[in-house]
Amino acid sequence: MTASSQERPQCEISFTVNGMSHTVRAYPMERLLDVLRHDLELTGTKEGCGEGECGSCSVLLDGALVNSCLIPVLQASGSEIVTIEGLASNGRLQVLQQSFLDCGGAQCGICTPGMILASVHLLNKKPQPTLEEIREGLSGNLCRCTGYMQIIEAVADAARTGAAK
Amino acid sequence: MKHTPIVGTSVPRMEGRGKVTGHARYIDDMTLPGMLHGATVRSSIPRGKIKKITFGPGIPWDEFVIVTSEDIPGKNCIALIEDDQPCLADGIVNHPEEPLLLLAHPDRHLLSKTVEAVSVEYEPLPAIFTIEESEAQRQTIWGADNIFKTYLIEKGDLDAAWQNAAHIVEAEYTTGAQEQLYIENNGMIAVYDSEQGITVWGSLQCPYYVHKSLMKLFALPANRVRVVQMETGGAFGGKEEYPSMIAAHAALLAMKSGKPVKIIYDRLEDMTATTKRHPSRTRIRTAIGEDGKLLAGEIDFTIDGGAYKTLSPVVLSRGAIHAGGPYYWPNVRIRAKAVATNAPPHGAFRGFGAPQSLFALERHMDRIAQVAGISREEIRRLNFLRPGQTTTTSQIINEPINLGKLLDRALDLSDYHAKKENFTRHNREGFRKKGIGIASFLHGAGFTGSGERSLGSIAGVEACEDGGLRILVSSAEFGQGTNTVLCQIAAEALGLRYEDVSIAQPDTHDVPNSGPTVASRTVMVVGKLVQSAALGIKNTLIASGVLSDSYSPDEFRTACRAYVAKHGKFRSFAQYEQPEGVFWDDDKYRGEAYAAFAWAVYIAEVTVDLTTYSVTVDDFLALQEVGKVLHPVLAQGQIIGGVAQAIGFALYEKVIWDHGRMQNGQMTNYIMPTSADLPPIRVYFEELGNVHGAFGAKGIGELPMDGPAPAILNAVEDALNISFRSIPLLPEDIFAALSERATPETVPTSPRGDA
Amino acid sequence: MRAHPVEYELVSPHSLPGVLSLLASEPGAWLPIAGGTDVMVQYSAGILPARKLVSIWNLPELCRIETSADEIRIGAGCTYTDLREHEAINTEFPLLSSAASWTGGIANQNRGTLGGNIVNASPAADSLPALLVYDAELLLVSARGERRVPYSGFHIGYRKTQLAPDELIRAVCLKTRFSGYYAHTRKVGARNAQAISKVCLAALGRIAEGTVEDIRLAMGSVAPIPLRLTATERILRGKRIDSQLVQLAKMTAAAEIQPIDDIRSSARYRAAVAGNLVAEFLEQLRTNQERTERATRVLSIWNDLPPDKAAEEILPCCGSKAWARQMAARRPIFEEASLLSVCDEVWKNLPQSDWLEAFRSHPRIGDSHAPSSAQAKSAAWSGEEQRKAASADEDIKAALAAGNRAYEQKFNHIFIVCATGKSAPEILAILERRLRNDKTTELREAAEQQRQIARLRLKKWLLS
């Protein structure tokens, strides 16, 4: 049913996403982004550019922020992945998500999942980041709507609130 | 019963929760059973005749759905102002990336290879790519003279004024194309049913624009075309008219295949094939009095519309009307024209002509200041419009705006004078030159002149079973806060809680046509209609006796529930009516161009690094009068986001053209600012109210796009004493200018003692 | 996405020998893919020529960073993040850490590898100029064995290297002999983050007895391969840096490189900026040398003072007597870097009461007078540091005063902020934010600010 004469086989790849184990049948060079969105129907992770520039496809892979549009799914085998859907638990937003809402960090929302994951990653490494560190930590995520300021405020706000706990 | 104000407070974004949890549904998140994926075969030349199309070897063509112009049931056009733009090229192509035919297949991975397997033989025709080439008319590529539209705005008596001029200041300014670069690419899903007709879901700003164009393309009546807006990931005008094209394509494939079809562009296709901001050239000639006052002006404003008319006349109109800025021109002639070139049609982008003409004007004001020997702030103050005076279209300013005071406040907030002095001292040595620049401007909200009357927008409010209200408008949310603010307005109008109001997804089967989501009109015009429609619900309930004149939100809900239970859901509508005494002459282009103007003074502080020739914006002040701020966080977000886009317009975003085709159609090479590139953008508002807008609001979505570019280039001139008159201004341009004027090499001494 | 995954094979042998034997079995047929930040971009664009790929991501043999007596061996599979987070690399090879910090954004730094950057061989690659000036050597490995080659000859043409079809880079070896050099690097791109460089410079220099003893300059994006500016280095060695030499160096550099016009920039711009970057480096080298000499003099005098005099001399930098005493006790200290690091250590380990004493030596932000207990030097420095904040409008001054009062009420000490370069509105914003802190958090923040102030003052002291 395909147009190609050189067909490669699919393989079974297992990993954990948001705490749940999954095994998918996929071509090894399918992008992790596409497997998350199509095979697992986790459409929260977005495609904005397909070249690792915009960060909309950011997920956490074994705790590291990565652009899922640049990862062949085979290389995600055995890893623990966190997507935006894995942050809120039982309907309760995480502090960071609430801060994004309070500070206007999400306008059209398309960059927001990646932006929030980049912020999670930053706060995991630096719970009390300076404004400069926030700017740098988010510099791989492009936002066309906000001009970044309210996003940076949201992260700073979450850092304060988190610290107060 | 004390009512907590809702309008004026930063209530939670209506659809915000979905956005921060990843559950908001954008078009590419949606699939339908049996869905095919669609792709577009496009022209690789800028102009020519199609001689032959060959479907190459190695592809199982029988598995593919193929659509050509022959499959179009109605008229082969994307109906807009004129019907000149084909949906699919029919024998002739007029721009690179012009759609030729469509393919669909269940396996989306097959499509790009298959598109490449279609080869097209052309007989190329000579093509034109610049305004000047178009004006020369050696090739006529559109109509009789390559001219889509002209406008002439005249006021006063020019000839006399030139005689009395103490100075005549003349210059030319240009702006380049700019890509909207919404982070979500264009996409549509279409379904065709022989009974129901067409349904499309997509990323879009104007459901009824798509609706209208599909009706014509398919020769279907209104009730057999349905358009539904999905969550839209940014638009900025880039999804005003273009979605009609992609919807048409998806719908044609759906019709031919009998299956749902999804078309999603990737970034390269979106950048190279869809609309961009119109490039412009403005020539300004001004007569100045000894005291620095504007005596007369001739403004020649020309925009490049690309290959088809699309919205160019409207962009031209707004650019022409804004060309005079916030100043009093006793005598002026503005000649505006939109011309054709063999590039993909240019289109709507936030500001819509005004950023182009205001860039020229605000640069020109600095030039006038120089020639007249008057400071840049004083030259503006002297010439500001005052209440009672008339604009270039002879519209009387009848609100108590005091632009001089606004200017003073901006100068104060930016510490302008102290900085200017410091910078002069600072610039004597070292490799980093600092400068500060001003731009003062205005932006008219709503459709021009008789535009709102022609639209005749309708907004509805529905009383729901649960006693709440549901707003029915075709106004699209794409980040600017439409959903939130319209709900605030309805809640406030009836003294309810924000939670008592919801808003329907824009679905042409369900909502009336409240007009396109453009022109900064939604809060102001549609908001006011929502207010009226909401009051209609209240009046009905009170008239029926279930609700008393004074009530609590819970009492309202109880009454509403009871009424709906008895009579069924009901809807109240309000339609736009032009206010009394609004006068607009479409032929002479004179009168009340806009129901309301927002006013602004922006000040930019820059550093030019002479090692790299790059400009950094260090601080940015955005002060504007906006009628009323309905939602502080959203309003601030609009201004900051618009300033950020305009900084991109000024310093970063260059479209590199090669024979009408964009060469840098990827995010790696089309440069928009990251979080590491933008300064803190400080936003301040003033509120004079607005009788024509909901709760006194004026439109603000586009305003912030107009001021930053000239303010920044004014600052660069302050830093370097070089006048740049073209944007985007790249380091390479600064280097070229410096090396042209450089004579003996001065080696600046390095700075010392800076901790 | 313009590639069909069905046409591509990707295997993951999970061991280096497994990978090497695959490469040996069909040399040139398998494309190694590590983090994929280059390969996957080409793949998605539909322009990747290879159809068979072998994953070398996360191979333990390639991901280690090993330090020995005189060398650091960086596994080719180490990511930019690994480089940035490695203390020895930051200390010994700051040009490489800097390059890692501006390659893409954080997400790309977590996946992009040093080996990938080398093998992809773009002349614009960020880490390559640093490797050139550090005289890197590469450990290449194949099923046939290992070989060690100087990095300097590795690039043989545009995107062509000496790597054999069955080889991988195993590690990059850097000798730790550059800590005595002044290191400088700068990347010029279209924006401050996520930019492909238009020009970049990595530079090391050492001055002895007033002349250039050694100098190393390498540039990216100015030739088909990353380029060591040997001609420019030659005219600089042994000379005294003055403005004439700087001009000559600029011209030599501009003539030595071969920049082109491309989608990102122009040859003329690149040439001019390249010359400017070289000039900038030379100026900094000279200034740094002067600073080093002054610091050495100041420190040598200080080292010779009796302990109580030494403590007294340095007290204005911090305000804590205990700090001053302990600093004096850590002598002799010979250079700025050690002085600052001792300062940090001592400060960190002081009890709270000493921190509070340091805080007390400052005037309130916005006040013109220091408390009378402060020494004259400290007061003068406070004035300088707060200079930018002092020219504030009345509203802000009032808000600062009110904020200071609220702060003191809540925290029982004055508000400490490293004010240098900060405007009054910025300080006010910081004050308002910190007012919301709890006591523990705030004490930490204030102490951190005091540490920064002490460092700044120590630097100034070294120039006195």
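1. Let me start with a residue pair in chain B: B:Leu469 sits opposite B:Val501, a residue of strand 19 of chain B. Please keep in mind that this is a predicted model.

2. The strands around that pair are worth a look together. Strand 18 of chain B covers residues 469-472 and pairs with strand 19 of chain B in the parallel sense, over 3 bridges. Both belong to an open sheet of 4 strands in chain B, ordered 19-18-17-20, and the pairing in this sheet is mixed.

3. Which strands form the edges of the sheet? They are strand 19 (501-503) and strand 20 (570-575) of chain B, each of which pairs on one side only. From one strand to the next, the twist averages 25 degrees.

4. A helix also packs on this sheet: helix 14 of chain B, residues 482-494, touches strand 17 (458-463), strand 18 and strand 19 of chain B. The direction of helix 14 makes about 145 degrees with that of strand 19 of chain B.

5. Now to the contact between chains A and C, to which chain A brings 34 residues and chain C brings 28 residues. On the side of chain A that touches chain C, strand 4 (64-67), helix 3 (112-125) and helix 5 (149-164) of chain A each supply at least two residues. Which element gives the most to that side? Strand 4 of chain A does, with 4 residues.

6. Sorted by class, the side of chain A that touches chain C holds 14 nonpolar, 13 polar and 7 charged residues.

Terms used: Residues numbered from 1 in each chain as written. Chains lettered and ligands numbered in written order. Predicted model: local features only at pLDDT ≥ 70, side-chain atom pairs only at ≥ 80, totals over all residues. Contact = placed C-beta atoms within 7 Å. Nonpolar A, V, L, I, M, F, W, Y, C, P; charged D, E, K, R; others polar. Pairing = 2+ DSSP bridges. Axes fitted to C-alpha atoms, helices over the stretch in contact; angles between N-to-C directions.
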